[in-house]
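Here are my notes on this one, point by point. Have the viewer open while you read.

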Amino acid sequence: MSKLSLTEPNQAGGSDLVSYLSRWVTLSACALLFYWLGSLRLWQPDVSEATLHTAKLTLVILSAGSWVACALAAMYRHHAYRTMMRELDETSLVIERAQKTSDRIKLFKAKIDAQKTLT
Amino acid sequence: MPDENFASLSDDQLVERGAALETERAEIHAELTRLRQGDSAARLLKPGVKLGINGALSVAGLALAPLTLNLSLGLTIIGMGMSVWDGLGFVKEAAEPFRAGYQARRLRRRGRDIDAALQEIEAILTARLGPP
């Protein structure tokens, strides 16, 4: 009988990968934005209002986008959390039922020992 | 385990097998407890606070742009980049209950197998020895 692995083998590795990728995504996004703003010459005195507006609007939209993504993630988590609790409750019921059966089996041990003593 | 032929085992072997299954059942129980305790909404607090701080930095960078000849937009970019970073951490945390739910389902399947095996052992012992 194969023994059940109680820990997810990829759990820690998966987290590390997400952390590593998020670092790269972030640094790449920052570098690209710096490059883009540099190409717009925003810190020159003669920069046009239209260019400035475009740059600011882009930054605001990107910031708001990441916030909306986080809000959606929080909503999703709430749903997943409730599902998880239901799964855990149902699993606990199965495990408790198995425990009761196991307790009854333990009672047979005394009976078997008593029979051995008699014979 | 579902294909195990318990009827061919002696009474002692059946009790031993029951004890082994009980050990595994206890491990699953401990894992369930860990899953229950390991997940809480408080885990979102840290990435949430970081997100708030970096969001404030981004807004401050925008607000100070006229006074700093737009140089503070660099602050906005850094704050925004950090927000993306935190956002990914936030999403990762958000996925944890999903993963725990999946694991609970796996444990339930295994628990059902154990329960079925224990019931079979009990039925055989009852037939041989009478009620405990």
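1. In which hand, left or right, does α2(A) pass α3(B) at their crossing? The crossing is left-handed, a term used when the near helix is turned anticlockwise from the far one by less than a right angle (clockwise would be right-handed).

2. A word on ground rules. This is a predicted model, where local features need pLDDT of at least 70 and side-chain atom pairs count only at pLDDT 80 or more, while totals for chains, interfaces and linings use all residues. Residues are numbered from 1 along each chain as its sequence is written, with chains lettered from A and ligands numbered from 1 in the order in which they are written.

3. Back to that helix pair: the axes of α2(A) and α3(B) are 6 Å apart, at an angle of about 15 degrees (axes are lines fitted to C-alpha atoms over the stretch in contact, and angles run from 0 to 180 degrees between N-to-C directions). So α2(A) is roughly parallel to α3(B), the label for angles under 35 degrees. The contact between these helices has 33 nonpolar, 12 polar and 11 charged residues (Ala, Val, Leu, Ile, Met, Phe, Trp, Tyr, Cys and Pro are nonpolar; Asp, Glu, Lys and Arg charged; the others, Gly among them, polar).

4. Chain B reads α-α-α along the sequence, with 3 helices and 0 strands (DSSP runs numbered from the N terminus: H or I of at least four residues, E of at least two). Of its 132 residues, 42% count as buried, that is, with 20 or more other C-beta atoms within 10 Å of their own.

5. Have a look at B:Pro97, in helix α3 (residues 73-129) of chain B. B:Pro97 counts as buried because it has 28 C-beta neighbours inside 10 Å. Its C-alpha is 9.8 Å from that of B:Arg36, 61 residues apart in sequence.

6. Leaving aside neighbours within four places in sequence, B:Leu32 touches A:Leu88, A:Thr91, A:Ser92, A:Ile95 and B:Leu107.

Key: Buried ≥ 20, exposed ≤ 12 C-beta atoms within 10 Å, placed from the backbone. Parallel < 35°, antiparallel > 145°, perpendicular 65-115°, else oblique. Contact = placed C-beta atoms within 7 Å.
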